Amino acid sequence: MVTVTEAIVDISGLTKTFGATRALDGLDLTVTRGEVHGFLGPNGAGKSTTIRVLLGMLRKDSGEVRLFDGDPWGSAADLHRRLAYVPGEVNLWPNLTGGQVIDLLGRLRGGLDEERRRELIERFELDPTKKGRSYSKGNRQKVALVAALASDVELLVLDEPTSGLDPIMESVFQEYVERFRAEGGTVLLSSHILAEVERLCDRVSLIRAGRCVESGTLGELRHLTRTSVVAELARPVAGLAELPGVHDLDVEGNRVMFEVDTARVDAAIGLLHGAGIRSLTATPPTLEELFLRHYGDALPAVGEADAS
Amino acid sequence: MTGTTTYLRTFLRRDRWHYLGWTAGVVLLYYSQAVSVKGLYTTQAEFDKAAASMEGNTAFIAMAGPARALNTIGGQVMWQASAFGAVVVGLMSMFLVGRHTRAEEESGRDELLRASAVSRHASLTAALTGALLANVLVGALVSLSLVAFPLDAPDSIAVGTGLTLCGWVFTGTALVAAQLTSSTRSMYGIAGATIAVAYALRAVGDVGSSWLSWLSPIGWYQGMHPYSGLRWWPGLLLLALAAAATGAAYVLFGRRDFGSGLWAARPGPDRAGPKLATALGFSWRLQRGPVIGWTVGTALLGLAYGSIGDDVGTLLGDSATSRDVFAQGGGSLVDGFYAVAIAVIALVGAGFTVSSALRPRAEEDEGRVESLLATGLSRRRWLLAQVVTTVVGTVLVLLGGGLGLGLGYAMVTGDGGRIGPFLLDTLAYVAPSLVLAGLARLLYGVLPRWASLAWGGLGLGVVMIFFGPLLHLPDWLQGLSPYHHLALVPAESFRWVPFVVLLLVAAAFSGAGQVAFARRDVH
């Protein structure tokens, strides 16, 4: 599948150290125009650091970073007019209201869509007259989200944007991200809410310890992993254990359970077919399983929706 | 009261430097009065003459308190230090209470602790106890230092005790304020206003209708009349009010929800004005409050100095030392006095300059810079707008001081002709103030974590102005202070060269800070 696409974000071999800590260690990441790109990894993997380098807040040590084919360090302000950023931890000015902050950020980006601003405030059920100090974490995040989604930009950079939102607000958020993409926008979405990534993202990059360990469409990633199969057969099947790519085989009479490398599914099902399939369940790996496979030892609580 | 002692222990540990700082400041305030009065007048006749002149000065009485036994050292100490001492312990109590009650609640840290096995009132009681103890410490050390001076022991003990009780009253009112609003800033506003009202009531009362002084806890404290017919019963009023305020705070605490105040937070505008979304407009909006506050502060300070008029000679007495101090520049005594007054106003105003120059660091520390710099706003423009705000604010704060000085002087002498010159004189201090701002900017650009060291520059300036010549410190050391190079206007005539050189140094520091900031990581 070769298509010529324009890279909005193009990072290769990026390293960044803080004192003795190597936060990024040769990271690669490409986001092409029009896609929603999921950026996944456990806490401390380097997601936020990557985004901050991309926004010109942090200076890279080495590697190549291009944003809209420009240098994000040298011409930060010009590039920033074309994007909107929502940080994971939104801090507001205690004596400015949410409405004032939305206008402030929107205008500094070059203008707001008034109609959409009104609509977003209503949909997110945000009170724009409250002062920054009296918003909860979720409401602070809504302020930043409204400011970003109402801005007229090409790229959204979202760093765990829904960690403080309830499920209803999360689905409002997802709806607007989908609409943004439908209008031709590009999104870089860092998250560890896997259901959200599965619903929104076209492509995903998994990073661990400052490196990209896997990148591709969800389909491609699934291809690299195993499918679980449960089958009831007419008679016992032979040769399944010897088949390359089959793991964790469990046979109880005519019932077999096993996992098989997704690339080998065909051969395995062929064998089952020979033994007469009565019923068959084949489950492709969820993103959660994918995630666990990559980070299993480093991730105590996958699927926890709220990190706070 | 499960958990109270644990809380208290943490608070005392976290506050130990605060205790030390406030206590040292207040003790010095009282003790230095005793020392300076003793050194100022060589004969009792001279002292009597100065006292008579002070008793007749309404502005002084409004500032300090009722004039009693002013021809004694004890009387002078009580008069000059007690009102300010009470205000200072009031502020101390307010901050100690605020930082452990409303501020913790607002930040959400308290919630974490409260969810553990502690009783509901534990943090409140611990904060109260901590503040009460701090006031005991201050009062006890003030008493001790005065007894050691030596002044009459029972009266000196009353001075300290009354001060402690005053602090307790303001601890109670601060505790009430913490229950009323949900924001720490407004809590400080209410508690601070309470102190200001107490001070103002006694000022008006002491000058005219004396019953007003009896509405103020500071008036009660001064009504104990130490060194001039000591009586203890007004102390009981203080104790009763402190207990009543504290009790009220506990009742209110029981009636409100965690995190909220009894008064609902007021809503603000839902849209931003057109100016807010410009770099300069935004930076001004952030610092507008401090600029106004500090300008009013220096103006009041100037008013206080100015209201001494040209009566300076009588106040200072005939002792050679005092005349030497004020006539350093070789000009007249009055000019010498105002040169020192302007320097003091300038040093106070530099407090604004340094805190304003450190504002970008506070913004960065609190994580509010990232969202801004991720827009079309460049680092350079963001920081430059902050610099402009600091410069404009510094000019306003200094002009406020000069205007207050000129107006106070005009009120007492009927001569408005000094307003203009005083304004120009204070303006000369823009240069050293901006050197300190430049230093803060440089540190912020290069070593943001150490940016607060800029306060050290101001400290150096204070020490060098007041003690440099007295201690005969070497010239190069005094020369480190930007204030050292400036002419002591109006005692000396203004010199352009040091003024311009200081401005160039400030610009160089600031520019280097800008360049460094453009190159470093922003967090």
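This is a predicted model: local features need pLDDT of at least 70, side-chain atom pairs count only at pLDDT 80 or more; totals for chains, interfaces and linings use all residues.
Local features require pLDDT of at least 70 and side-chain atom pairs count only at pLDDT 80 or more, whereas totals for chains, interfaces and linings use all residues. Residues are numbered from 1 along each chain as its sequence is written, with chains lettered from A and ligands numbered from 1 in the order in which they are written.

Helices (H or I, at least four residues) and strands (E, at least two) are DSSP runs numbered from the N terminus, and two strands pair if DSSP finds at least two bridges between them. In chain A, β8 (residues 203–208) and β9 (residues 211–217) are joined in the antiparallel sense by six bridges, with A:Arg208 partnered by A:Arg211 of β9(A). Two residues separate the strands of this hairpin, and A:Ala209 in the turn has a positive phi of about 50°.

In chain B, the axes of α8 (residues 153–180) and α9 (residues 184–207) come within 8 Å and cross at roughly 145°; axes are lines fitted to C-alpha atoms, for helices over the stretch in contact, and angles run from 0 to 180 degrees between N-to-C directions. The contact (C-beta atoms, placed from the backbone, within 7 Å) includes B:Phe170 of α8(B) and B:Met187 of α9(B).

Notes
Two residues are in contact if their C-beta atoms, placed from the backbone, lie within 7 Å.
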